[in-house]
Amino acid sequence: AKAEVAVREQRFYGGPDTALEYYRRVTAIDPDNSTAKVGITNVGNKLVMDANDRVSAGEFDKARELLGMAKEVLGGGTMIEDLESHLNEKESAAQNI
């Protein structure tokens with residue numbers, strides 16, 4: 001219930017009173033809890049989207065920080081690889097201007 005409130009209030013990650021932390025607490029007690037596992041994946045996807053937004057804004061340090069969090073939450077995958085490539089390309093292009 002606390003995780004759902006955090007999601008509604010758009011507190012997805014970045015502190016102790018966030019959806020990610022509430023979902024993690026649930027999976028620590030009940031590793032097979034499908035609602036919490038889906039919630040964690042959703043937060044990971046939100047991290048990827050937010051990181052992409054930071055890349056588009058030219059905020060590469062923040063994008064890299066969010067990428068690291070997304071990797072930790074999602075454990076890798078195509079979305080992470082695509083984001084990392086996109087970030088590296090945009091960062092290189094910005095340095096060559």
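Guide: Start with the salt bridge: a side-chain nitrogen of Lys or Arg within 4 Å of a carboxyl oxygen of Asp or Glu. Before the cases, some ground rules. This is a predicted model, where local features need pLDDT of at least 70, side-chain atom pairs count only at pLDDT 80 or more, and totals for chains, interfaces and linings use all residues. Residues are numbered from 1 along each chain as its sequence is written, and side-chain values use heavy atoms, with hydrogens and water left out.

Visitor: How many salt bridges does that rule give?

Guide: Side chains of opposite charge can pair when their charged atoms come close. Here the count comes to 9 salt bridges.

Visitor: Which residues are linked in a network of salt bridges?

Guide: Glu 9, Arg 11 and Asp 17. Take the links in turn. Glu 9 and Arg 11 meet at 2.6 Å, N to O. Arg 11 and Asp 17 meet at 3.0 Å, N to O.

Visitor: Where do Arg 24 and Glu 21 sit relative to each other?

Guide: First, the helix labels. Helices (H or I, at least four residues) and strands (E, at least two) are DSSP runs, numbered from the N terminus. Arg 24 and Glu 21 lie 3 residues apart in helix H2 (residues 19-29), so about one helical turn separates them. They form a salt bridge, with the closest N and O atoms 3.2 Å apart. Arg 24 is partly exposed at 25%, and Glu 21 is partly exposed at 25%.

Visitor: At what angle do H2 and H3 cross?

Guide: Two packed helices are described by the angle between their axes and the distance between the axes. Axes are lines fitted to C-alpha atoms, for helices over the stretch in contact, and angles run from 0 to 180 degrees between N-to-C directions. H2 and H3 cross at roughly 150°, with axes that come within 9 Å. Contact means heavy atoms within 4.5 Å. On the H2 side, the contact residues include Leu 20, Tyr 23, Arg 24 and Thr 27. On the H3 side, they include Ala 36, Lys 37, Ile 40 and Val 43.

Visitor: What does Thr 27 touch?

Guide: Ala 36, Lys 37 and Ile 40, not counting residues up to four places away in sequence. Thr 27 is buried, with a relative accessible area of 18%.

Visitor: How are H3 and H5 oriented to each other?

Guide: Use the angle classes: under 35 degrees counts as roughly parallel, over 145 as roughly antiparallel, 65 to 115 as roughly perpendicular and the rest as oblique. The axes of H3 (residues 34-56) and H5 (residues 78-95) come within 10 Å and cross at roughly 15°. H3 and H5 are therefore roughly parallel. Their contact includes Asn 45, Val 48 and Val 55 of H3, and Met 79, Leu 83 and Lys 90 of H5.

How values were computed:
Buried < 20%, exposed > 50% of the residue type's maximum accessible area, 1.4 Å probe, protein only.
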